[in-house]
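Subject: Structure handover

Hi,

Here is the structure I promised you. Please open it alongside this email, and my notes follow below.

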Amino acid sequence: MARTMIRTNSYKHLVTTLLVGISLFPTLCIAQGKSLTLMTWNLEWLTTTPSSKFPSSNRGAEDFRALQNYFNEIRPEVLAFQEVDSIEAIERVVGKHYHIYLSDRSAVHNRQHQFSDINQYTGFAIHYELTVIDTPDFPLTIGDKLRFASSVILEAVNGAPIHLLSVHLKAGCSGKLTKHRSCKKLRQEGQVIHSWLKERERSNDSFIILGDFNHNLSYHEDWLWRDLVSHLNSVPRLASKSTPAICKVRSKRSSTRTHQFRSLIDHIIVSPDLQTGAAVQHAMPISQVLNYQMSDHCPLSVELY
C-alpha cells in the first residue's frame with residue numbers, strides 16, 4: 001500500500017490522513033478473521049478502443065467513472081470479470097490496487113483465438129495484498145475464439161488454497177435443452193467444466209466458479225446443473241440458487257427505458273467444504289443505467305467466511 005506523507009505532528013491532521021487512507025484503499029477483512037468478498041461481473045464490451053460494430057463498447061471518461069464508482073461501492077477483494085478487452089480497460093474500473101489476470105487467450109501465442117478489432121476476455125482482478133498463483137487457462141470448446149475459462153489459485157485464505165474459475169458460457173440456451181446449436185455448444189462447455197470439477201474432487205481441492213453462464217442454473221432439476229454435478233461424490237453448492245433477480249438494465253428497444261430480467265444467468269458455484277453466504281445481486285441505480293453506458297449485467301457477489 002502506498003505510504004501517506006504526514007507534514008505536521010498535529011493529532012487532527014493524523015486522524016484525517018488515516019481516514020482518507022481507509023476510504024481510498026479497500027481493507028482485507030479476511031486478514032482480521034472476517035469475510036472475503038468475491039464478485040462476478042460481465043462488463044459488456046469493456047474496452048479503451050471501441051468498435052463501431054458494438055455501440056455499447058463506446059464509453060467515455062464519465063462512463064468509466066460511473067463504473068468505477070459503482071465498483072467501489074462493493075469493493076470486492078476478488079472480481080471475476082467477463083467481456084473485457086484489455087488490462088487498461090479493467091484498470092479504469094477497479095483502480096490500481098488490484099492485480100489483473102487477463103485470460104491467456106489474450107496472449108501473443110494465442111493469436112488464432114483472437115479477433116482483429118475487439119475481444120471479450122474473462123479474467124480476474126484481485127486485491128494486491130492477496131497471494132495468487134496464475135494457473136493456465138483452458139478452452140471450453142474446440143475452435144471457439146470466445147470461450148476460455150480463466151483459472152487462478154487463491155492462497156491467502158487461512159492458508160488453504162482455493163481454485164477459482166471465471167467463465168463466460170454460450171448464449172442462446174438459457175432454459176430448456178433443445179437441438180439448437182447454442183444448446184449443443186453450451187452442453188459441451190458444461191462437460192469441460194464437469195471434468196474440471198472431477199479433477200478438483202480427485203485432488204481434494206477447494207474451488208469457486210464465478211461467471212456468466214448465460215443459463216438459469218437455479219431452475220428446478222435444470223439439465224445443465226445436472227450435467228455439471230453428475231457423478232460427483234459431494235455436490236457443490238449453487239450459492240446463487242435462491243438469489244432474487246433484481247437487475248435492471250437499459251432496454252435494447254428504448255434508451256429511455258429499463259428492462260428487468262426474470263431469472264439469473266450469472267452464478268457462483270462453491271465447493272462443499274467452503275462456508276459462504278447466499279449470493280447477492282447488486283442492482284445498478286436506474287439513473288446510472290439510463291445516463292451512462294454501464295452494462296447489461298449486474299454484479300453478483302458472495303461472502304466467504
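Which residue in β4 does Tyr 101 stand opposite? It is Phe 124. Keep in mind that this is a predicted model.

**The β3 and β4 pair**

Start with strand β3, residues 98–102. Four of its five residues are buried, so the strand is mostly covered under the 20% cut-off for relative accessible area. β3 pairs with strand β4, residues 121–127. The pairing is antiparallel and runs over five bridges.

**The cavity**

Tyr 101 and Phe 124 turn up again here, as both line the largest cavity. The structure holds one cavity of 30 Å³ or more. The volume of the largest cavity is about 30 Å³. Its lining also includes Leu 102, Asp 104, Asp 134 and Asp 137. Ser 150, Ser 151 and Val 152 complete the list. At least two lining residues come from β3, and at least two from β7 (148–154). β7 gives the largest share, with three residues. By type, the lining has four nonpolar, two polar and three charged residues.

**The pocket**

The largest pocket holds about 530 Å³ of space. Its lining counts 24 residues. Nearest the pocket centre are His 259, Phe 261, Arg 262, Ser 263 and Ile 265. Two elements give two or more residues to this lining: β11 (248–250) and β12 (258–260). Eight of the lining residues are nonpolar, ten are polar and six are charged.

**The nonpolar cores**

A general point before the details. In soluble globular proteins, nonpolar side chains tend to be buried together.

The largest nonpolar core here has 28 residues. Trp 41, Leu 46, Leu 79, Phe 81, Ile 90 and Val 94 touch the most other members. At least two residues each come from β1 (36–46), α2 (61–74), β2 (78–84), α3 (87–94), β3 and β4. α2 gives the most to this core, with six residues.

What does Val 94 touch, not counting residues up to four places away in sequence? Its partners are Gln 68, Phe 71, Leu 79, Ile 100 and Ala 125.

**A lysine to look at**

Lys 185 is found in helix α4, residues 181–202. Is Lys 185 buried or exposed? Its relative accessible area is 16%, so Lys 185 counts as buried. Leaving aside neighbours within four places in sequence, Lys 185 is in contact with Thr 141, Asp 144 and Lys 170.

**Two backbone angles to check**

Most residues other than glycine have a negative phi. Two residues here are worth a look on that score.

Glu 83 has a phi near 60°, a positive value in a residue other than glycine. Glu 83 is found in strand β2. With a relative accessible area of 9%, Glu 83 is buried.

Asn 214 also has a positive phi, near 50°. Where is Asn 214 found? Asn 214 is in the loop between β9 (206–212) and α5 (223–229). Asn 214 has 12% relative accessibility and therefore counts as buried.

Best wishes

Key. Residues are numbered from 1 along each chain as its sequence is written. This is a predicted model: local features need pLDDT of at least 70, side-chain atom pairs count only at pLDDT 80 or more; totals for chains, interfaces and linings use all residues. Side-chain values use heavy atoms; hydrogens and water are left out. On a 1 Å grid over the protein atoms alone, a cavity is a set of points where a 1.4 Å probe fits but cannot get out, and a pocket is an open set with protein on both sides within 12 Å along at least five of seven lines; lining residues have an atom within 4 Å of a point. Grid points are joined across faces, edges and corners, and a volume is the space filled by probe spheres set on the points. Ala, Val, Leu, Ile, Met, Phe, Trp, Tyr, Cys and Pro count as nonpolar, Asp, Glu, Lys and Arg as charged, and the others, Gly among them, as polar. Buried means under 20% relative accessible area, exposed over 50%, partly exposed in between (1.4 Å probe, protein chains only). Two strands pair if DSSP finds at least two bridges between them. A nonpolar core is a set of buried Ala, Val, Leu, Ile, Met, Phe, Trp, Tyr and Cys residues joined through side-chain atoms within 4.5 Å. Contact means heavy atoms within 4.5 Å.
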